[in-house]
Amino acid sequence: MENSDSHQDMMVPPVEGVAGGGTAYGWDDGLHDPGLLRGTIDPTKVPSAELMHVWCMPSTANVGLQDMPRQMEPISLLAARNERESVQISIRPKVSWSASSVAGLVHIQCTDLCSASGDRLLIDKSITLRRVVPVLGVPDALVPLDLPVSQLSLFPGETTAIWLSIDVPSAQPPGHYGGELIITAKSDSESISQLLGKAEKQQLYREFRNCLDILEPIDGGKPLDEVVERAKSATSSLQRILVSPSFSDFCIDNGPVDMEEDAISNFSIRLKLSLTVWDFVLPETPSLPAVIGISDTVIEDRFGVEHGSIEWYEALDRHFKWLLQFRISPYFCRWGESMRVLTYTSPWPADHPKSDEYFSDPRLAAYAVPYNPVVPSGDATKNYLQKEVEILKTKNHWKKAYFYLWDEPLNLEQYNAIRNQASDIHAYAPDARVLTTYYCGPSDAPLASTTFEAFLKVPEFLRPHTQIYCTSEWVIGNQEDLAKRIVAEIQPENGEEWWTYVCLGPSDPHPNWHLGMRGTQHRAVMWRVWKEGGTGFLYWGANCYEKATAASAEVRFRRGLPPGDGVLFYPGEVFSPSHQPVASVRLERLLSGLQDIEYLKLYASKFGREEGTAILEKTGMYMGPECYTHDHIPIDAMRGEVFRTCRS
């Protein structure tokens with residue numbers, strides 16, 4: 001991921017509820033010789049291991065600021081080709097060696113991973129490092145670090161977590177790869193002499209320029225609430241600059257550092273990193289479509305782009321391309337009255353080259369076709385639907401297309417609206433797929449004597465106007481036998497599919513992507529889909545936080561929703577001048593769950609669907625929505641068993 005302008009040595013970013021500091025008990029524990037470090041500490045004369053704890057945790061662990069040290073062990077990972085595998089490195093200072101308010105500065109350097117035959121996984125191409133930043137006190141935002149060397153500030157009594165990811169290319173030769181992560185304590189004077197210069201001045205200039213960009217559009221014609229929002233955002237940005245080490249500590253910067261030998265010393269901590277690349281490839285096109293919504297109005301408000309402008313198309317394009325790396329199929333959405341929704345994967349019309357580029361991308365498993373024009377333009381709106389469908393149905397990618405018209409219809413009027421719109425679509429393309437999300441039947445036209453029986457009758461009521469029946473996991477609860485009854489109502493022989501979704505519910509202990517849930521709980525969302533037999537998944541929003549009118553403004557989750565619901569990534573400008581979105585830990589775990597499905601599908605292709613489901617229970621990975629592993633070992637056991645039995 002590109003991040004040439006990232007600012008890793010951040011203090012408190014403007015994210016709602018991010019707490020700072022606090023000193024843990026046992027601050028002086030862990031030194032081999034406490035007498036050695038009395039008085040002023042020179043990190044160039046003391047082994048870094050005497051100054052800080054370093055240990056590793058799996059990607060499913062929530063590493064908080066107060067997590068206590070563990071024994072450091074080498075990192076050993078397993079991955080297929082075309083897979084991303086991640087691990088966390090935790091760092092906690094034992095003492096303070098800095099003259100400033102921080103405990104100390106550290107340099108982190110990662111080497112390429114090399115095999116005995118000379119093949120390599122390159123740093124900054126296949127290997128990325130990101131700092132785990134708390135949101136509402138929970139580790140969630142993954143802020144990119146500069147490579148090959150990054151500088152971080154450690155704070156007294158706090159554990160800092162680094163998220164290391166390795167992306168294995170599809171053509172990477174299988175084998176064993178090895179490298180190192182090198183962590184070195186640095187003094188303030190060393191950092192000043194090494195880092196002070198033109199790059200630091202440019203970084204500070206960009207920060208101040210960003211503040212001006214926020215304030216300059218303010219004029220007498222702006223609404224008062226927007227003026228206040230922009231002023232708050234600029235103030236927050238200025239506060240971040242003034243308290244940062246880049247400004248307060250003689251312009252100490254954490255930006256790019258040249259790869260120099262003196263960045264490493266005999267006192268450095270060297271953490272061995274090994275990866276075994278397996279000799280099979282995860283398919284480029286995801287086996288299970290996971291369609292995730294992006295609110296275009298949130299983008300318009302936050303980035304100040306006008307709907308239909310060149311800047312608007314650029315912003316949507318940037319989000320679409322960035323999200324493809326997570327094996328999801330993004331769609332943009334605009335909400336109307338009574339939960340009517342306009343959904344589209346490409347903002348351009350079907351005959352535009354960019355639409356064909358989007359829809360033909362093999363990483364995209366499904367795309368949404370809008371029922372109405374995304375950007376209305378006079379005569380172009382006449383016969384719009386017919387023209388779009390007639391163009392698309394001649395394309396090879398037409399099999400990926402679907403129409404998502406209404407979200408969770410509640411009454412007969414809304415259900416009938418779906419039927420009428422679907423009839424329009426099918427008049428031009430009988431094989432078109434219409435997706436409908438629902439958790440109940442029409443309240444004013446009972447389909448059965450009980451609520452759940454009415455819910456089961458929805459496919460019969462909507463047939464043949466809907467082909468993808470997308471139901472809430474909240475309805476199923478912990479009764480998996482209900483999932484079997486739902487599946488029994490679907491007619492796959494007639495092209496019908498059953499997808500599921502989560503929205504608000506289900507709540508703990510069921511799998512979902514709420515902030516503060518266990519890591520395996522996030523990853524288990526996809527395990528549940530596999531076990532219940534769903535063939536697709538929908539999530540309503542990945543950027544649906546509260547409205548803001550400045551890119552770097554504080555991120556607030558929407559009131560009335562569980563924290564994190566509807567938000568899977570953050571604007572990059574909140575943490576640095578970078579325009580690249582910042583992934584959440586939960587988004588990475590979503591990716592891992594989708595990769596798990598590819599393993600399970602491979603196993604089922606050899607041993608049958610029943611065995612492909614049974615392996616979840618055999619390994620202790622997932623038994624049901626209230627019974628799944630809380631640690632990482634069963635996940636590796638499942639993956640290892642698939643590799644052992646299915647390798648070529």
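Over the ring of which residue does the charged end of Arg-609 sit? The ring is that of Trp-530, and the charged end of Arg-609 is 4.3 Å from its centre. A charge counts as sitting over a ring if NZ of Lys or CZ of Arg is within 6 Å of the ring centre and within 35 degrees of the ring normal. Arg-419 gives another case: its charged end sits over the ring of Phe-461, 4.9 Å from the centre.

The model is predicted, with local features needing pLDDT of at least 70 and side-chain atom pairs counting only at pLDDT 80 or more, while totals for chains, interfaces and linings use all residues. Residues are numbered from 1 along each chain as its sequence is written, and side-chain values use heavy atoms, with hydrogens and water left out.

Two sheets can be followed strand by strand. Helices (H or I, at least four residues) and strands (E, at least two) are DSSP runs, numbered from the N terminus, and two strands pair if DSSP finds at least two bridges between them. An open sheet of five strands is ordered E1-E3-E10-E7-E8, and its pairing is antiparallel. Strands E1 (52–58) and E8 (138–144) are at the edges; each has a single partner strand, so one side of each is left without a neighbour in the sheet. From one strand to the next, the twist averages 30°. Between E1 and strand E3 (residues 83–93), which run antiparallel, there are seven bridges; Cys-56 stands opposite Ile-89 in E3.

Helix H15 (residues 585–607) packs on this sheet and touches E3, E7 (127–135), E8 and E10 (160–168), where contact means heavy atoms within 4.5 Å. The direction of H15 makes about 140° with that of E3. Axes are lines fitted to C-alpha atoms, for helices over the stretch in contact, and angles run from 0 to 180 degrees between N-to-C directions.

An open sheet of nine strands has mixed pairing and the order E15-E14-E13-E21-E20-E19-E18-E17-E16. Its edge strands, E15 (341–344) and E16 (367–368), each pair on one side only. Strand E13 (residues 290–295) runs parallel to strand E14 (residues 329–335), joined by five bridges, and Ser-295 stands opposite Cys-333 in E14.

Aromatic rings complete the tour. Rings of Phe, Tyr and Trp (its six-membered ring) pair if their centres lie within 6.5 Å; planes under 30 degrees apart count as stacked, over 60 as edge-to-face and the rest as tilted. The count by this rule is 25 aromatic pairs. One of them is the tilted pair of Trp-278 and Phe-280, at 6.0 Å centre to centre with 35° between the planes. Trp-312, Tyr-313, Phe-320, Trp-348 and Tyr-358 form one aromatic cluster.
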